[in-house]
Amino acid sequence: MKQLSLEEELSANSYPGRGIVIGKSAGGKYAVAAYFIMGRSVNSRNRIFVEDGEGIRTQAYDPAKLTDPSLVIYAPVRVLGNKTIVTNGDQTDTIYELMDKQQTFEQALRTRTFEPDAPNFTPRISGIMHIENGSFNYAMSILKSDNGNAGSCCRYTFAYENPAAAQGHFIHTYLGDGEPLPSFEGEPKPVSLSGGIDALTERIWSSLNEENKVSLFVRYIDIATGKYETRIVNKNQP
């Protein structure tokens, strides 16, 4: 598949929903992860990312406006030893807890399905990054309804060994805006990753739809040492 421009993919879609990018930096020194959230409702837009240990969590910007926390308040990023988990929901905790009990990424996600938000049935998208002895690999998953059938879950996992420098993969929840929202289709999109953490953060944030974007997390992890840098951007400033 042809390598795509992440900025063009984002700017051409007013509502990709929530998105995960995982890959390797130009030069191959860093493992790269990015996660963003968008919103159409007051409840979805009323959020910020805050640091929580080695990970992050969502938090209501104005607690008085929080009407339903069930699908909007969660930990998108958690770290389990040499593994970094990135997801669009509380399946982060499921993956963390079951992998801590020696189950695999796929086994953990077998216990979950798409979100119960009919008629959208928002896909659960997840990523796992593994860094060990100077090597890096990752996997991405999507759990989605079978064309809106609430009784059927389609499960896809994509694994990337020895990923190429300056390339990542991008998966998001929706093909675009709509009623109901159309679920992502196909495999994660190969996208170019160039520049440092600040440049990538700026490119993603500026490419997201101004009205719908809410928060962005970007992390660069040194593959040799495991040390990392993080950037968080919130449209609502805490």
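Because the model is predicted, local features are reported only at pLDDT of at least 70 and side-chain atom pairs only at pLDDT 80 or more, whereas totals for chains, interfaces and linings use all residues. Residues are numbered from 1 along each chain as its sequence is written, and side-chain values rest on heavy atoms, with hydrogens and water left out.

Six strands form an open sheet in the order β11-β10-β1-β2-β12-β13, with antiparallel pairing, where strands are DSSP runs of E with at least two residues and helices are runs of H or I with at least four, numbered from the N terminus, and where two strands pair if DSSP finds at least two bridges between them. At the edges lie β11 (189–192) and β13 (228–234), each of which pairs on one side only. From one strand to the next the twist averages 20°, angles running from 0 to 180 degrees between the N-to-C directions of axes fitted to C-alpha atoms, for helices over the stretch in contact. Seven bridges join β12 and β13 in the antiparallel sense, and tyrosine 220 has glutamate 229 in β13 as its bridge partner. Helix α5 (residues 197–207) lies across β2, β12 and β13, running at about 155° to β12, with contact meaning heavy atoms within 4.5 Å.

Glutamate 229 also forms a salt bridge with arginine 231, the closest N and O atoms being 3.1 Å apart; the term requires a side-chain nitrogen of Lys or Arg within 4 Å of a carboxyl oxygen of Asp or Glu. Glutamate 229 is partly exposed at 40% relative accessible area, and arginine 231 is partly exposed at 24%, on a scale where buried means under 20%, exposed over 50% and partly exposed in between, for a 1.4 Å probe and protein chains only.

By the salt-bridge rule the count comes to 14. One of these pairs is arginine 18 with glutamate 115, whose closest N and O atoms are 3.0 Å apart. Arginine 18 lies in the loop between α1 (6–11) and β1 (19–24) and glutamate 115 in the loop between α4 (105–109) and β7 (124–132), so this pair ties together parts that are 97 residues apart in sequence. Arginine 18 is buried at 8% relative accessible area, and glutamate 115 is buried at 2%.

Lysine 29 forms a salt bridge with aspartate 222, with 4.0 Å between the closest N and O atoms. This pair links lysine 29, in the loop between β1 and β2 (30–38), to aspartate 222 in strand β12 (residues 213–222), 193 residues apart.
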